[in-house]
Amino acid sequence: MNTTRKIPYPAVLLALLIVLQWATKSLGQFVTGSCVNCILAVAALVVGWESGLAVALVSPFMAFLLNIGPKNMAVVPAIAVGNAVLVLVLWLILRKKQDVLRSVLGIVCASAAKFLALYLLVVQLLCRVLTMPEKMVATFSTMFSWPQLVTALIGSAVAVAIIPLVKRARRV
């Protein structure tokens, strides 16, 4: 696919991610986070790592500006880094071949890497260094721990499952 045809895809995926995040916000972190991770994985594995990275880095800032993400701006760059880690690890493992074993390996490694990045950046660093109300520290400590692993696993698995359909639909 030439570069010109690739340009609209990140914008469409970013818009879809923001709309899904807004529409599922009331359903909780597990639904919203899984949707976000699914879109990130589709962006990376269908359009390419550049598109996945663009969506991963821009979406947390858009969510913050639209008031559908965490209310603390200091956490937003950490979310962008976590998203980027998911996209890059998935792409590195699954870019050439997506058999069952490689897909499971990619999903598990990328999800664990995102979880680890967010846990270290938000819970172990930002929650200790920044002056935040105790309630916010408690919320972030929960939000950016094991639920990140669960939502990354769910979202990545759904993405890997639907990617053949998405690729087929793009050819039509």
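This is a predicted model: local features need pLDDT of at least 70, side-chain atom pairs count only at pLDDT 80 or more; totals for chains, interfaces and linings use all residues.
Residues are numbered from 1 along each chain as its sequence is written, and side-chain values use heavy atoms, with hydrogens and water left out.

So, the overall picture. We've got 8 helices and 0 strands, counting DSSP runs numbered from the N terminus, H or I of at least four residues for helices and E of at least two for strands. The radius of gyration is 16 Å, close to the 16 Å from the globule rule for 172 residues, so the chain is as compact as a globular protein of that length. That radius is taken over C-alpha atoms, and the rule is 2.2 Å times the number of residues to the power 0.38. The C-alpha trace spans about 50 × 35 × 25 Å along its principal axes.

Of the 172 residues, 42% are buried, meaning under 20% relative accessible area with a 1.4 Å probe, protein chains only. And contacts, which are heavy atoms within 4.5 Å: taking those with a separation of 6 or more, 71% are between residues 24 or more positions apart.

Now the packing. Two packed helices are described by the angle between their axes and the distance between the axes. Here the axes are lines fitted to C-alpha atoms over the stretch in contact, with angles from 0 to 180 degrees between N-to-C directions.

Take H4 (residues 49–65) and H5 (residues 76–94): their axes come within 8 Å and cross at roughly 160°. That makes H4 roughly antiparallel to H5, a label for angles over 145 degrees. On the H4 side, the residues that meet H5 include Trp49, Phe61 and Phe64, and H5 brings Trp91, among others.

Then there's H6 (residues 100–129) with H8 (residues 146–171), also within 8 Å, crossing at roughly 150°. H6 is therefore roughly antiparallel to H8. Among the residues making that contact are Phe115 and Leu118 of H6, and Trp146 and Leu149 of H8.

One last stop: threonine 24, in helix H2 (residues 8–24). Is threonine 24 buried or exposed? Buried, with a relative accessible area of 8%. Leaving aside neighbours within four places in sequence, threonine 24 is in contact with Val31, Thr32 and Cys35.

Conventions: Buried means under 20% relative accessible area, exposed over 50%, partly exposed in between (1.4 Å probe, protein chains only). Angles under 35 degrees count as roughly parallel, over 145 as roughly antiparallel, 65 to 115 as roughly perpendicular and the rest as oblique.
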